[in-house]
Amino acid sequence: MSDSIVPDSEHRGLVARLPQVPRDLAQLARFDRPIGWWLLFWPCAWGVWLAGAGGQWALLAWLLLGSVAMRGAGCVYNDIVDADLDRKVARTAVRPVASGRISKRLAWAWLLALCAVGLVVLLQLRWQAQLVALASLAMVAAYPYMKRITWWPQAWLGLVFSWGAPVGWIALRGDNLDALAALYAGCVLWVIGYDTIYALQDREDDALVGIRSSALRLGARVKPGVALFYAGAVALWALAFWLLRADWVALLALIPAAAHLAWQVATLDPADPANPLDRFRANRWTGALVAAACFVVGNA
């Protein structure tokens, strides 16, 4: 098992060709699972494009780099904190720190290296956006403990993974904060929805070891619960568009994203181990569809 790829990893060939230690470090930062940094990056793009300053490709490139680095840093920190719990869950027991292949000392050094990349990205932003970005650090640090004290750690993750929206917006402008607040709130509900789907993979193990999740809390009502979160997300995104541009035509830009979310709920099968992971990963396309809508509404 020490040489195996994490069961829900992607790009197995690329990771598998690395030597053992670099491979473990790559897995520790989830470089083999790009869905995580896409989900962290898309809200950044939403904030940038809805702000209405054009493509801003250089800014987006920096934010993408920051998303990769800081998502990796967050995963390393999470695995350090959760090593004992991860050993008790089948899907996570072979992770590098939980399995003992990577020491906690090396993991901390890797965490600092990734944070150094994040610092370089931070310095590219104007000072107002820097302050907004730094404000998320306390929430990031607290996240691994939420599954121990609340049935809704997905809500806390929503607060963290949506933070790119205000960073992207404030990097360009400081007005229309009501529209930004609606965009952010919608993103939080979206994250709760897709991470509830993700948590379906671990329901049995989580129940045995005492890890709490929205998937366990919702029980047999997972599908209507996810549908409610997704519907709330779309409604809040529509409100953000309306507050920025009071035009019913602008709301039509959200139809593709809404349809994609409806497809996820309609085809979700909690009893099929592969189905929730596929539906979770499909949210990279939801993020892209909302980004396109934000670009159209913000820059038309």
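Biologist: Where is L25 found?
Modeller: L25 is in helix α2, residues 20–28. Helices (H or I, at least four residues) and strands (E, at least two) are DSSP runs, numbered from the N terminus. One caution: this is a predicted model, where local features need pLDDT of at least 70, side-chain atom pairs count only at pLDDT 80 or more, and totals for chains, interfaces and linings use all residues. Residues are numbered from 1 along each chain as its sequence is written, and side-chain values use heavy atoms, with hydrogens and water left out.

Biologist: Is L25 buried or exposed?
Modeller: L25 is buried, at a relative accessible area of 15%. Buried means under 20% relative accessible area, exposed means over 50%, and partly exposed is in between (1.4 Å probe, protein chains only).

Biologist: What does L25 touch?
Modeller: Leaving out residues up to four places away in sequence, L25 touches I102, L106 and W110. Contact here means heavy atoms within 4.5 Å. L25 and K104 are 12 Å apart, C-alpha to C-alpha, and 79 residues apart in sequence.

Biologist: Next, R101. Where is the place of R101?
Modeller: R101 sits in the loop between α6 (96–99) and α7 (104–122).

Biologist: What does the side chain of R101 reach?
Modeller: The backbone oxygen of V94, at 2.8 Å. R101 also has a side-chain polar contact of 3.0 Å with S99. A polar contact is a pair of N or O atoms within 3.5 Å; within protein, one must be able to donate a hydrogen and the other to accept it, and residues adjacent in sequence count only if both atoms are side-chain atoms.

Biologist: Changing topic: how many residues does the largest nonpolar core have?
Modeller: That core has 71 residues, and W46, W190 and W237 have the most contacts inside it. Helix α12 (residues 177–199) gives the largest share, 13 residues. A nonpolar core is a set of buried Ala, Val, Leu, Ile, Met, Phe, Trp, Tyr and Cys residues joined through side-chain atoms within 4.5 Å.

Biologist: What does W190 touch?
Modeller: Among its contacts beyond four places in sequence are W46, Y230, W237, L261 and T286. There is also a second, separate core of 14 residues, including A73, Y77, I80 and A83.

Biologist: You mentioned T286. Where is T286 found?
Modeller: T286 is in helix α19. T286 is buried, with a relative accessible area of 0%. Its side chain makes a polar contact of 2.9 Å with the side chain of H260.

Biologist: At what angle do the axes of α3 and α19 cross?
Modeller: Helix α3 (residues 35–50) and helix α19 (residues 283–299) cross at roughly 10°, and their axes come within 8 Å. That makes α3 roughly parallel to α19. Angles under 35 degrees count as roughly parallel, over 145 as roughly antiparallel, 65 to 115 as roughly perpendicular and the rest as oblique. Axes are lines fitted to C-alpha atoms, for helices over the stretch in contact, and angles run from 0 to 180 degrees between N-to-C directions.

Biologist: Which residues of α3 meet α19?
Modeller: I35, W38, L39, W42, W46, W49 and L50 of α3; their partners in α19 include A288, A291 and F295. Ala, Val, Leu, Ile, Met, Phe, Trp, Tyr, Cys and Pro count as nonpolar, Asp, Glu, Lys and Arg as charged, and the others, Gly among them, as polar.

Biologist: And α15 with α17: at what angle do they pack?
Modeller: About 175°, with the axes of α15 (residues 222–244) and α17 (residues 255–267) 10 Å apart. That makes α15 roughly antiparallel to α17. W237 and Y230 are among the α15 residues in this contact, and L261 and Q264 are among those of α17. The contact divides into nine nonpolar, one polar and one charged.

Biologist: Now N275. Where is N275 found?
Modeller: In helix α18, residues 274–281. N275 is buried, with a relative accessible area of 8%. The N275 side chain reaches the backbone nitrogen of D269 at 2.7 Å.

Biologist: Last one: what is phi of Q56 near?
Modeller: Phi of Q56 is near 50°, a positive value in a residue other than glycine. Q56 is in the loop between α3 and α4 (57–81). Q56 is partly exposed, with a relative accessible area of 28%.
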